[in-house]
Amino acid sequence: MLQLPFPVRDALVRDANASSGSDELGNLPVWDLTDLYASDDAPELSRDLDWLEQECSSFAADYQGKLADLDAAGLLNCVLRNEKINSIAGRIMSYAGLRYYQLTTDADRTKFMSDMQEKITIFTTPLVFFTLEINRIEDEALDAHFAANADLARYKPVFDRIRAMKPYQLSDELERFLHDLGVVGDAWERLFDETIAGLTFQVEGQELNIEGTLSLLTEQDRSKREAASRELARVFQANVKTFARVHNTQSKEKEIMDRWRGMPTPQTGRHLSNDVEPEVVEALREAVVAAYPKLSHRYYELKRKWLGLDRMQVWDRNAPLPMEDSRVVDWAQAEKTVMEAYEAFDPRMGELAAPFFSKGWIDAGVKPGKAPGAFAHPTVTDVHPYVMLNYLGKPRDVMTLAHELGHGVHQVLAAQQGEMLSSTPLTLAETASVFGEMLTFRKMLDGAETKEQRKILLAGKVEDMINTVVRQIAFYDFECKLHAARADGELTPDDINALWMSVQAESLGEAFDFMEGYETFWCYVPHFVHSPFYVYAYAFGDGLVNALYSVYAEGGEGFEDKYFDMLKAGGSKHHKELLAPFGLDASDPKFWDKGLSMISGMIDELEAMED
């Protein structure tokens, strides 16, 4: 199945909602997928499927059992052919997946995506030998090949990532079996997507989908927020058995895979794919958890006072401030705001971002059956990325646009690395998106005309950062507890509910009460199903960008060029190598404190405004 590498964080999911294309938003752009294929029966699609089937068969015939005997030039040719296969398969699944996410409730689109995946799984099963045999090549032989051929040496990071899995590799036969079985596991992801997209909610006499209902959590009217929260809880409870079954099955499947592979922890696979050391992630987690009191606990106590409440309820977490401007930002103004911020940083950023708005690379409107949230999908390196939004015209929707456009720019720059080296590990994949948000926020903050406007902007940014850092680390802790508990046996919905609640009070603080039913709110978070343990990448990205932005704000010499070089590198370098030119090191525990201090400093300013 198409994996969307940048699922929207919860902080943004709540905004990405509504009823589609309201007149006050202006003309919202729609994807033009013809750069991939003109239609699901396009002759080019049939041609690519035929080529893929034939080339996979030929590749296996030419190379299976022979990789260790190839010279450097032969191994390079093998890698290039494999890269071409990845590109064609990626193009087909990008088209099928994006078309599906536009309308997840359409049976024909669902069938088409499922059919494409099954075909590609069948075609590529003979290729399972490729990584297995690479891992059987002796280190000395591989090093000699890299020394002999510079073009092959460019792919060393790919070989390193493949060989990181060497200790956890199974027999060739078992690896082929697991490859084939992948289609079955992905069916649980589709069940989750289709169940979420098909939910209906009744709020004050209006029937809404999940997007429209989540959107009400940011309404000024507290009674609407409460009504939406209680209706979310009612519908989640009515469907909790389905969601519990999805989580139980996927967690058990992962536990079995990890056990057979000898993975020491459920998180190991994610750390390996992210090319990040477990101790770095643990240092991040510990720094954030230790900072809960000076971040979320302190901020929400401030917000409780602003809202004039004795106690905060969960429906107040994302409430706008009483003085907040509830105006709608139309699409043209959103585009102008983000583009000006990008261009002010560097004109090259504006040039890279402009085609997204003019060439059908963004699908912005909220429509029945459309997938919730927002993402940027890179497709393949010889096409271009596509951005999906659910744009409602709220100020935070502008930040969502800035975030996803940052991903898009990053993906365009990294594409020059080619199919196998362009994909950035998740820990660095959030860099350009969060940096794009920060640029847009700073431009809006500089434009604030009154103390009150500055306060609203600062509070909104602090909330987003808390949702990106604190909330996502709480999500990560929930997942760690979920997978650990599932290893000991089947979990009832009440078991999962209890795990969810165990991380909520700790992360949000004493200002909150939790309504009955909130314990089911784990049900709708897509990351837990699509990308287990993905969520820490958001906190990693935010902390990294805060540290990066500090260097930029201090006037670091040549920052813009270094920044572009970092984005262009894609997945060709480790995070240590990418951050070194900025004088930063994510393995240093003080690195995370630097990023968290930026958030704390904004809360300091907000507290000072109260005096």
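Trainee: Is cysteine 78 buried or exposed?
Mentor: Cysteine 78 is buried, with a relative accessible area of 0%. Buried means under 20% relative accessible area, exposed over 50%, and partly exposed in between (1.4 Å probe, protein chains only). This is a predicted model: local features need pLDDT of at least 70, side-chain atom pairs count only at pLDDT 80 or more, and totals for chains, interfaces and linings use all residues. Residues are numbered from 1 along each chain as its sequence is written, and side-chain values use heavy atoms, with hydrogens and water left out.

Trainee: How many disulfides are there?
Mentor: The count is zero, taking a disulfide as a pair of cysteine sulfur atoms within 2.5 Å. Cysteine 78 is in none, and its nearest cysteine sulfur, that of cysteine 56, is 12 Å away.

Trainee: And cysteine 56, buried or exposed?
Mentor: Cysteine 56 counts as buried, at 0% relative accessibility.

Trainee: New topic. Which residues of helix H6 are buried?
Mentor: Leu142, His145 and Phe146, in a helix that runs over residues 139–148. Helices (H or I, at least four residues) and strands (E, at least two) are DSSP runs, numbered from the N terminus.

Trainee: Where do they sit around the axis?
Mentor: On the same side of H6, because they cover an arc of only 100 degrees. The arc is that of the directions from the helix axis to the C-beta atoms. Glu140, Ala147 and Ala148 are exposed on the face turned away.

Trainee: What covers the buried side?
Mentor: Helices H3 (72–102), H7 (150–153) and H8 (156–163) are among what covers those residues. Contact here means heavy atoms within 4.5 Å.

Trainee: What about H24, how many residues has it got?
Mentor: H24 has 18, residues 536–553. From first C-alpha to last it reaches 26 Å, close to the 26 Å expected at 1.5 Å a residue. The expected span is 1.5 Å times one less than the number of residues. Of the 18 residues, 16 are buried, so H24 is largely enclosed by the rest of the structure.

Trainee: What comes just after H24?
Mentor: Glycine 555, with a positive phi of about 80 degrees.
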